[in-house]
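This report looks at one protein chain, starting from a single residue and ending with the chain as a whole. Please keep the sequence and the structure in view while reading.

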Amino acid sequence: MLPPASLALPTSPDRLPASSVNSVLHAVGVLRQATVTSVHVEPVLDKASFNAQIVRLHVTYDRPEPGAPSSLIAKLPTLKEGLHENAMVVRPGTTETWFYRTATTRTPVNVPRCYYSSVDDVSGASVLLLQDLAPAQTGNQIEGMASTQAELALQSLARLHATWWRGEQTPEIQELSHLLSPADVAQNLVEQFYRDTWPRFVARNAGQIPAEVLQFGEHLVGRVAASEALLDATPKTLIHGDFRLENMLFGAHEGQPACWVIDWEDCYLWCGLFDVAWFLGGNLTLAEVGYEEALVQFYHRTLVESGVVDYSWGQCYQDYRRAMLSAFVQGILLATPSDTDNEHCHRRAQSVGARFMAACTRLRLGDIIPA
C-alpha cells in the first residue's frame with residue numbers, strides 16, 4: 001500500500017486522476033510495465049444518502065499486461081454534511097480501513113481485494129480502491145432472498161464469527177477498540193435516532209401497524225440501551241454490523257456458487273446473533289419466514305463445525321430473539337428514509353418495515369423487552 005500522504009483524499013471521483021491510480025497499481029505489484037493513461041468514472045448506485053460515494057473506474061492502459069484490472073471500485077467520502085457529522089462519531093472509514101489492512105488475512109470470508117486504503121485521522125473520511133467483482137451481482141433487499149441464497153450468506157457469517165469468537169484480547173481487536181468511538185457515544189446516537197424516528201415511522205405507516213407492534217415500538221423508546229444489555233453476557237466476536245443483501249454480491253468462484261461480503265464500515269465486537277437477526281429480519285421475505293428457525297439452526301451448525309464450543313442451540317436461539325430487539329431498532333431507522341423522493345429507498349422502506357413488524361409478532365419480542 002502507498003503511504004496515506006501519497007494519495008490525497010478526494011471529495012469527488014473527478015479528483016482521482018489516472019496518475020494516482022497508476023501509482024497505486026504499481027505500488028501493490030499489479031502493474032509492472034503498463035501505465036494507466038485514462039480513467040472513466042461510472043456511478044455504481046446512488047449511495048449519496050449513505051456514508052460514501054461509490055463509483056466504478058474504467059481503466060485504460062498504454063499496453064496490455066496480464067492481470068491488470070479493467071475496472072476498479074472507488075469508495076469516497078460522503079458529500080452530505082449531516083451524514084459526514086454522524087460519520088465523525090461512528091467513524092466508518094476508520095473501521096473499514098482497519099478491516100482491509102488488518103483483518104482480511106485471517107478472516108475466511110470472500111471479500112474484494114483492497115488495492116489502496118487511506119483515512120483522515122481527524123475527520124474519519126476515507127478512500128478505498130477495491131477489486132471490481134463484476135459480473136457478480138449485488139443482492140436485492142427489496143425482492144428479498146430464497147433460503148438457498150440465505151444459507152450461502154449465513155455460511156460466510158458463521159465462519160467470520162467462529163474465527164473471532166471470544167477474541168476480545170487479540171491484538172487486532174484491541175487495535176480496533178482503540179480506533180472506535182466509545183460504545184456509549186454510538187449507543188446514545190442510536191437511542192436518539194430511534195426516539196426521533198419512531199413517530200415518523202408510525203405516521204408513515206398509519207393504519208398498517210398491528211396493535212402489538214405499535215405498543216412494542218412505543219415501549220422501546222428510551223429502552224434501546226437496556227435491550228442491548230440483554231446481550232452483554234453473550235460470547236463476543238467480530239460482527240459485520242450491516243449484514244444485508246445490498247452489502248453482498250453473488251456469483252460463481254471456481255465453478256461453485258459464491259458470496260462476497262462488502263461494506264465493512266460498521267464492524268465491531270459484539271454478539272454475532274445481531275448479524276443473523278439483522279440479516280434474516282430484514283431480508284427474508286414474508287413468504288420464506290417458515291424457514292427462519294431452520295436457517296438459524298444452519299448458522300449454529302456451521303458455527304460449531306468451524307470450531308466454536310460451549311454454545312448450545314438453545315442459547316443461540318435465545319440470543320437470536322434478543323438480538324432481534326436491536327435489529328428491529330435498525331430496521332425502523334432503515335424503513336423511515338429522509339429522502340422520500342428516492343424510489344429505491346421508498347420501496348426498500350416498505351419491504352423492510354413489513355418484515356420487521358412481522359418479526360416482532362412471530363418472535364414475541366414484547367415478551368422479552370425490558371420493563
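## A residue in a loop

T35 lies in the loop between α1 (18-27) and β1 (36-43), where helices (H or I, at least four residues) and strands (E, at least two) are DSSP runs numbered from the N terminus. This is a predicted model, in which local features need pLDDT of at least 70 and side-chain atom pairs count only at pLDDT 80 or more, while totals for chains, interfaces and linings use all residues. Residues are numbered from 1 along each chain as its sequence is written, and side-chain values use heavy atoms, with hydrogens and water left out.

T35 is partly exposed, with a relative accessible area of 31%; buried means under 20% relative accessible area, exposed over 50%, and partly exposed in between (1.4 Å probe, protein chains only). Leaving aside neighbours within four places in sequence, T35 is in contact (heavy atoms within 4.5 Å) with N22, T60, Y61 and D62. The C-alpha atoms of T35 and T60 are separated by 8.5 Å, although these residues are 25 residues apart along the chain.

## A buried histidine

H161 belongs to helix α4 (residues 147-163), and is buried, with a relative accessible area of 0%. When neighbours within four places in sequence are left aside, the residues in contact with H161 are T237, L238, I239, G272, D275, Y299 and L303. D275 is also among the buried residues of α9.

## Helix α9 and its partner

Eleven of the eleven residues of α9 are buried, so this helix is largely enclosed by the rest of the structure. How do the axes of helix α9 and helix α11 cross? The axes of α9 (residues 273-283) and α11 (residues 313-334) come within 7 Å and cross at roughly 55 degrees, each axis being a line fitted to C-alpha atoms over the stretch in contact, with angles running from 0 to 180 degrees between N-to-C directions. That makes α9 oblique to α11, since angles under 35 degrees count as roughly parallel, over 145 as roughly antiparallel, 65 to 115 as roughly perpendicular and the rest as oblique.

Residues of α9 that meet α11 include F274 and W278, and those on the α11 side include Y320 and M324.

## The whole chain

The secondary structure of the protein chain comes to twelve helices and ten strands. Of its 371 residues, 52% count as buried, and its C-alpha atoms fill a box of roughly 65 × 45 × 40 Å, taken along the principal axes.
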